[in-house]
2 protein chains.
Amino acid sequence: MVEQPPDEPNLDVIFKALAHPTRRELIEQMAAEPKSVSELADPHDVSLAAISKHLHVLEDAGLIEVEEDGRIRRCYLDATPLSAAFGWLTRYRVLWDDRLDALANHLENQDNDDRPDSS
Amino acid sequence: MVEQPPDEPNLDVIFKALAHPTRRELIEQMAAEPKSVSELADPHDVSLAAISKHLHVLEDAGLIEVEEDGRIRRCYLDATPLSAAFGWLTRYRVLWDDRLDALANHLENQDNDDRPDSS
C-alpha cells in the first residue's frame, strides 16, 4: 500500500535520511562527483554492510540513484528532495531571524553596559 | 558523557525532530503563539501520552521551551535550531537548482517538439 504519491516529496523520509552524520557525510562525498560504494565506504570506520544500509535510507529518500557498471555500483546524488526540506524550513525563517536579532541586540547592549563610561 | 558541546546545534536531533508529520504540525501550531499541551494535543487523533513524547523529542532538539503556569504547561517555539538545518541544506542549493533548471529545460523542449509547426 503506497500512502504517498510517487512524485510527492516525502518529508518524513527526507528528514530521517539527514538525521545521521554518516548519511550527511555520504551526501557530501557524492556532491562533487558520483562515487562507487567502496569509494564512499573508504573514509568511514564502519562495515560495508552499515554503509549499504545508510545508502538504502538515502535511496528511499530519493537522494541517490545507483547505476550498475559491471561489478561496480556507482552512486549519483540527486539533491532535488533537499529542496522540499529547504522549502519547509523557509516558512520559519522569519522566526529564527527575529530570535537571532534579539539575541544580537541583547549582547550588544550588554557589551555597551560593560564598557567604562567614556564621557 | 556529553559528546556535543551544549551550544553546538546537534543536526542529528534537529533533523530527527522534523522527521515526523505530527512534530512538524506541532511546530506549525506554536509558530503564531505559545500553546498549552492540551491545546497542542486537541487537533491530533492520538493520545496525550503520544503528544508528550513528540514534545520531548522537540524539546531535546531545542525547538521548544516549556513554562509551568500553575497546572498548565505552556510550550514556546524556539526556531533557532532550524537555522542550523537550513544552513546545512543551503550548501546543496546550487545542486538542486541545477537539477530543477535541467528538468524545466527538458520539459520546455518536449513541449516545443509536441507543438504543431506554425511556420
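Start with confidence. The predictor assigns the complex an ipTM of 0.83 and a pTM of 0.84. Chain A has an average pLDDT of 89, and 91% of its residues score at least 70. Helix 1 (residues 11-18) of chain A has the highest mean pLDDT, 98, while helix 6 (residues 93-114) of chain A has the lowest, 84. Where pLDDT is low, the predicted coordinates should not be read in detail.

Next comes the fold of one chain. Chain A contains six helices and three strands. Their order along the sequence is α-α-β-α-α-β-β-α-α. The radius of gyration of chain A is 21 Å, well over the 14 Å from the globule rule for 119 residues, so chain A is more spread out than a compact globule. The C-alpha trace of chain A spans about 80 × 35 × 20 Å along its principal axes. Of the 119 residues in chain A, 34% are buried.

Now look at the strands of chain A. Strand 2 (residues 64-69) and strand 3 (residues 72-77) of chain A run antiparallel, joined by six bridges. Glu68(A) faces its opposite residue, Arg73(A), in strand 3 of chain A. Two residues lie between the strands of this hairpin in chain A, and Gly70(A) takes a positive phi near 65° there.

Chain B shows the sheet as a whole. Its three strands form an open, antiparallel sheet in the order 1-3-2. Strand 1 (35-36) and strand 2 (64-69) of chain B are the edges; each has a single partner strand, so one side of each has no neighbour in the sheet. Strands of a sheet pair through backbone hydrogen bonds, either parallel or antiparallel. In chain B, strand 2 pairs with strand 3 (residues 72-77) over six bridges, in the antiparallel sense. Within this pair, Glu68(B) stands opposite Arg73(B) of strand 3.

Ser36(B) sits in strand 1 of chain B. Is Ser36(B) buried or exposed? Ser36(B) has a relative accessible area of 7%, and is therefore buried. Leaving aside residues up to four places away in sequence, Ser36(B) touches Ile72(B), Arg73(B) and Arg74(B).

How are the two chains related?

Helix 5 (residues 80-90) of chain B brings both chains into view. Helix 5 of chain B is mostly covered, with eight of its 11 residues buried. Among them are Leu82(B), Phe86(B), Trp88(B) and Leu89(B). What covers these buried residues? The cover includes helix 1 (11-18) and helix 6 (93-114) of chain B. From chain A, the cover includes helix 1, helix 2 (21-32), helix 5 (80-90) and helix 6.

Notes. Residues numbered from 1 in each chain as written. Chains lettered and ligands numbered in written order. Predicted model: local features only at pLDDT ≥ 70, side-chain atom pairs only at ≥ 80, totals over all residues. Heavy atoms only, no water. Pairing = 2+ DSSP bridges. Helix = DSSP H or I, 4+ residues; strand = E, 2+ residues; numbered from the N terminus. pLDDT = per-residue confidence, 0-100. Rg over C-alpha atoms; globule rule 2.2 N^0.38 Å. Buried < 20%, exposed > 50% of the residue type's maximum accessible area, 1.4 Å probe, protein only. Contact = heavy atoms within 4.5 Å.
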